[in-house]
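Here are my notes on the two-chain model, point by point. Have the structure open while you read.

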Amino acid sequence: MTTGQLILNGIAAFLTLCIFSFLYKDNPFYKFAERLVAGVATGYWTILLYHTNFTDKVIEPIFINGQYHYIIPAVLGIMMWTRFSRKWSWISRYPIAFYIGIGSGVSITVYLYTYLFKQLQATISTPLTLDLAGLNVLIIVIAVLSALIYFFFSSAHKGIFNVASRFGIYVIMIGFGAGFGLTVMGRVALLVQRIIFLRDYIVALFGG
Amino acid sequence: MRDFLEKMMLIDRRWIYLAIGLAVIIPAIKSFHVPVAVSPEVRKVYEFVDDAKPGEYIFLCFDYNPSTMAEMNPMAYAILNQAFNKDLKVILVTLDQFGAGMVEEIATRVAANHKKVLGEDYCFLGYRPYPAIVILAMGIDFRVPFPADYYGTPLDSMSVMQGIKNFYDVKGVIEITGGSTADFWIIYGNGRYDFPLALGLTGVMSADYYQYLQSGQIFGIIPGVKGAAEYETLVGFPGEGMAQMPYQVIAHIVILLFIIISNVAYFASRKKKGKLGGGV
């Protein structure tokens, strides 16, 4: 590791420990590191948006390439900024309406297809067979219906409805359990990556 | 014993942090091997890339940032290593605003190891904001959102992009993400253009996406760092994923111990309250 890398990694190690110090309690070192991250991220993103959006969607097409139809979205974008004025904020409704209209038109069909039709099809169209795959399908169908029944409040949860509802809550809890287990793994991964980084830095610093 | 358990119910959370902190230091001093069993959903992603013929194209989307790189980087390295090892042509993109620098570093490093040339063997398109719009536009032509690559080179001037127009010209898309872009790829990518899609996800997200595997909307999932370790095992490239496994084992044992102790303490204290007439 070169001297420059040692210094840069030293700063990273210091900031890592600053963030970890919050586990004990809130303190100025944590606040410094947190605000540094927020500041750097905001500055970076602002410049990035300028270069990836404003330069090649406004400046270059209109002022360099003479593609004047780009003026229309640019004006719509400027109209959004009237939100900051009480007097003129009504103007911003036009670009918002335009945006929502396009968004809805593009999204509604693919959302229905992806989230509803494909999921329904996968749940009901797989054939029930007398093997493990068939058992899997049966469990999926029963689990889906039971979980839905748990959230169905239009009739009292009595009799078979109550049994299905009780089974539904177990299904939901199994789902939450899987989510919790994977979340723990993810959070530990973040900790471990920092621990490995600190270990490697100490080894590089002291030549252990 | 019961008093001890009741005290455990009131333990300061910082002792738990300290216990886990100390526990994960053990493998840092003396590591050990953890055998990794490969799950079918990870194997499917591996086989998809492995079945591709040299010269075929795969599209890799690394939509993550430093906050999730601990889980995502191992997957990215393993897949990119496998792709270059198989002499596949790779198109890279990121739809995360903080991802471009990391993707560039990974691509440059792995490409150098395999002696692959930018513009000839692979292409890094860079970053554009608004993932849904970018995915829809790439489905028409990669050149619509990305007339030039990350370095400003026009796509048409690169040999790797000759004759490559959109998703229909690549074998499939592998999306590695720590955020909501997975939904955008399922909805606007697979939903709109129906290309083969696989996801590499953080552990937190993974459980929410298995229904898409069952429905066939995605053909594989690499779930969290465990999935990354499985992929590294398949590729024969032990990296950060495998390195993290001993830490994961120790940390999980400590967490499980705390869960067991707290549950025993909870039921013991509930029983005592019941006897005193203040039961739940």
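1. Let's start where the chains meet. Between chain A and chain B the count is one salt bridge, meaning a side-chain nitrogen of Lys or Arg within 4 Å of a carboxyl oxygen of Asp or Glu. The partners are Arg128(B) and Asp56(A), with 2.8 Å from N to O. Asp56(A) sits in helix 2 of chain A and Arg128(B) in the loop between strand 3 (122-127) and helix 7 (131-140) of chain B, so this pair joins two chains. Helices (H or I, at least four residues) and strands (E, at least two) are DSSP runs, numbered from the N terminus. Arg128(B) counts as buried at 13% relative accessibility; the cut-offs are under 20% relative accessible area for buried, over 50% for exposed and partly exposed in between (1.4 Å probe, protein chains only).

2. Before going on, a word on conventions. This is a predicted model, in which local features need pLDDT of at least 70 and side-chain atom pairs count only at pLDDT 80 or more, while totals for chains, interfaces and linings use all residues. Residues are numbered from 1 along each chain as its sequence is written, chains are lettered from A and ligands numbered from 1 in the order in which they are written, and side-chain values use heavy atoms, with hydrogens and water left out.

3. Back to the interface. Chain A brings 42 residues to the contact and chain B 47, contact being heavy atoms within 4.5 Å. About 3900 Å² is buried between the two chains, and carbon and sulfur atoms give 67% of that. Buried area here is the accessible area (1.4 Å probe) that two parts lose on being put together, summed over both.

4. Which helix of chain A supplies the largest share of the side that touches chain B? Helix 6 of chain A does, with 19 residues. Helix 2 (28-64), helix 4 (93-124) and helix 6 (160-206) of chain A each supply at least two residues of that side. By type, the side of chain A that touches chain B divides into 26 nonpolar, ten polar and six charged residues.

5. Have a look at Gln248(B), in helix 12 (residues 240-275) of chain B. Gln248(B) is buried, with a relative accessible area of 4%. Leaving aside neighbours within four places in sequence, Gln248(B) is in contact with Met185(A), Val188(A), Ala189(A) and Val225(B).

6. Now the salt bridges within chain B. Lys116(B) and Asp87(B) pair at 2.5 Å, N to O. Lys116(B) lies in the loop between helix 6 (100-113) and strand 3 of chain B and Asp87(B) in the loop between helix 5 (69-85) and strand 2 (89-94), so the pair ties together parts that are 29 residues apart in sequence. Lys116(B) is buried at 16%, whereas Asp87(B) is partly exposed at 41%.

7. Asp121(B) and Lys89(B) form another salt bridge, with their closest N and O atoms 3.5 Å apart. Asp121(B) is buried at 16% relative accessibility, while Lys89(B) is partly exposed at 21%. Asp141(B), Arg143(B) and Asp156(B) are linked in a network of salt bridges.

Technical notes: Ala, Val, Leu, Ile, Met, Phe, Trp, Tyr, Cys and Pro count as nonpolar, Asp, Glu, Lys and Arg as charged, and the others, Gly among them, as polar.
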